Amino acid sequence: MTIECKNISSRQKSALGSPILNNISCQIKKGEFVALLGINGAGKSSLLKSLMGLIPLEKGEVRINDILLTPNNINKIRRQTAMIFQGGGLIRQLSALDNVLCGTLGFRSSWQTLWGFNQGDRLLALELLTELGVKEHAQQKVSKLSGGQRQRVAIARALIQSPQILLADEPTSGLDVIASHYVMESLARLNREKHITVIVVLHDLEMAATYAKRAIILEKGRVIHDGSSQNLSTQFNQTVPTILPSLNGIKPIIQQIA
Ligand SMILES: Nc1ncnc2c1ncn2[C@@H]1O[C@H](COP(=O)(O)OP(=O)(O)OP(=O)(O)O)[C@@H](O)[C@H]1O
Ligand SMILES: [Mg+2]
């Protein structure tokens with residue numbers, strides 16, 4: 001099993017006092033492409049972070065490629081797993097190329113990068129930017145790129161680590177339909193051609209149904225669906241009534257604005 005979470009609960013608690021990850025169990029096989037869904041605050045980002053050892057756990061265990069995640073082997077595991085953080089997490093003042101090269105810092109020693117990034121890594125970074133269709137922006141500061149271009153740079157930065165597992169947190173957020181499909185198609189191609197296991201957080205049910213066979217839906221830190229990605233609106237219709245009282249409260253305001 002590539003990813004195995006057994007009864008994990010986070011130490012951090014939500015405002016209501018329950019753990020933000022509440023007894024989650026799931027198994028993901030090598031080469032799967034899984035959509036992770038749920039309303040805001042459901043625990044999606046926290047679950048991805050827990051797979052990188054970034055969330056302290058109260059109980060349960062995470063195994064990556066059959067290795068138990070512990071503080072001692074966290075660096076080894078992080079070399080196999082790359083994460084595209086919500087919002088991209090790029091350094092705005094650096095060029096696209098340098099941002100991609102920053103992805104190598106985790107596996108190059110400090111003396112290897114003391115005099116700058118090596119030529120081999122530079123060529124690889126450029127190749128990745130070319131594959132993702134943003135080669136012409138390689139020297140441009142990230143602050144001057146569009147949201148879609150930034151997401152592609154973020155994917156390239158994750159890929160330079162040659163990960164076996166790619167965790168993408170809302171990689172299409174804020175993008176138009178075409179840019180969203182471009183990003184999703186890039187992830188799907190990596191999954192098809194390089195057999196990288198992908199977990200992607202999405203809010204768009206249609207997008208999930210198009211690209212992922214399997215979907216996991218979280219609600220209040222728990223898994224409420226783990227199965228087919230098709231016809232997910234029924235699952236969400238069960239979730240929405242629990243937040244409807246607050247929605248009813250804002251209805252008159254929306255009507256006033258309209
Ligand atoms: N560092 C933290 N300390 C305490 N609580 C946190 C922390 N980070 C997130 N939370 C809480 O944990 C819950 C889950 O947050 P998380 O960011 O995982 O949700 P999400 O499903 O990714 O939401 P979104 O769709 O808005 O990105 C939320 O209630 C949030 O307020
Ligand atoms: Mg999130």
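**Entry: strand S9.** I began with one pair: Leu37 has Ile217 in S9 as its bridge partner. This is a predicted model, where local features need pLDDT of at least 70, side-chain atom pairs count only at pLDDT 80 or more, and totals for chains, interfaces and linings use all residues. Residues are numbered from 1 along each chain as its sequence is written, and chains are lettered from A and ligands numbered from 1 in the order in which they are written.

I then placed the pair in its strands. S3 (residues 33-37) and S9 run parallel and are joined by four bridges. I took helices (H or I, at least four residues) and strands (E, at least two) as DSSP runs, numbered from the N terminus. Strands pair if DSSP finds at least two bridges between them.

S10 (residues 222-228) runs antiparallel to S9, with six bridges between them. Here Glu219 stands opposite Arg222 in S10. The hairpin of S9 and S10 has two residues between the strands, and Lys220 takes a positive phi near 50° there.

Why is S9 largely enclosed by the rest of the structure? Five of the six residues of S9 (residues 214-219) are buried, so the strand is largely enclosed. For burial I counted other C-beta atoms, placed from the backbone, within 10 Å of a residue's own: 20 or more is buried, 12 or fewer exposed, in between partly exposed.

**Entry: strand S1.** I looked up the partners of S1 (residues 3-10). S2 (residues 24-28) pairs with S1 in the antiparallel sense over four bridges. S4 (residues 57-64) also pairs with S1 in the antiparallel sense, over six bridges. Glu4 shows up in both places: it stands opposite Gln27 in S2 and opposite Arg63 in S4.

**Entry: positive phi.** Most residues other than glycine have a negative phi. I noted two more exceptions.

- Asp66 has a phi near 65°. It lies in the loop between S4 and S5 (67-68). Asp66 counts as exposed because it has 8 C-beta neighbours inside 10 Å.
- Ser162 has a positive phi of about 45°. It sits in the loop between H6 and S7 (165-169). With 14 other C-beta atoms within 10 Å, Ser162 is partly exposed.

**Entry: core.** Which residues have the most contacts inside the largest nonpolar core? They are Val100 and Ala156, in a core of 68 residues. Helix H6 (residues 147-159) gives the largest share, six residues. A nonpolar core is a set of buried Ala, Val, Leu, Ile, Met, Phe, Trp, Tyr and Cys residues joined through C-beta atoms within 7 Å.

I listed what Ala156 touches, leaving aside neighbours within four places in sequence: Val100, Ala125, Leu128, Leu129 and Leu132. Contact means C-beta atoms, placed from the backbone, within 7 Å.

**Entry: ligand 1.** I looked up the shell by C-beta atoms, placed from the backbone, within 6 Å of the molecule. The residues around ligand 1 include Gln12, Ser14, Gly38, Lys44 and Gln86. The shell has two nonpolar, nine polar and one charged residues. Ala, Val, Leu, Ile, Met, Phe, Trp, Tyr, Cys and Pro count as nonpolar, Asp, Glu, Lys and Arg as charged, and the others, Gly among them, as polar.

**Entry: whole chain.** I counted 10 helices and 10 strands. Of 258 residues, 39% count as buried. Among contacts between residues at least 6 apart in sequence, 69% join residues at least 24 apart.

Technical notes: Contact = placed C-beta atoms within 7 Å.
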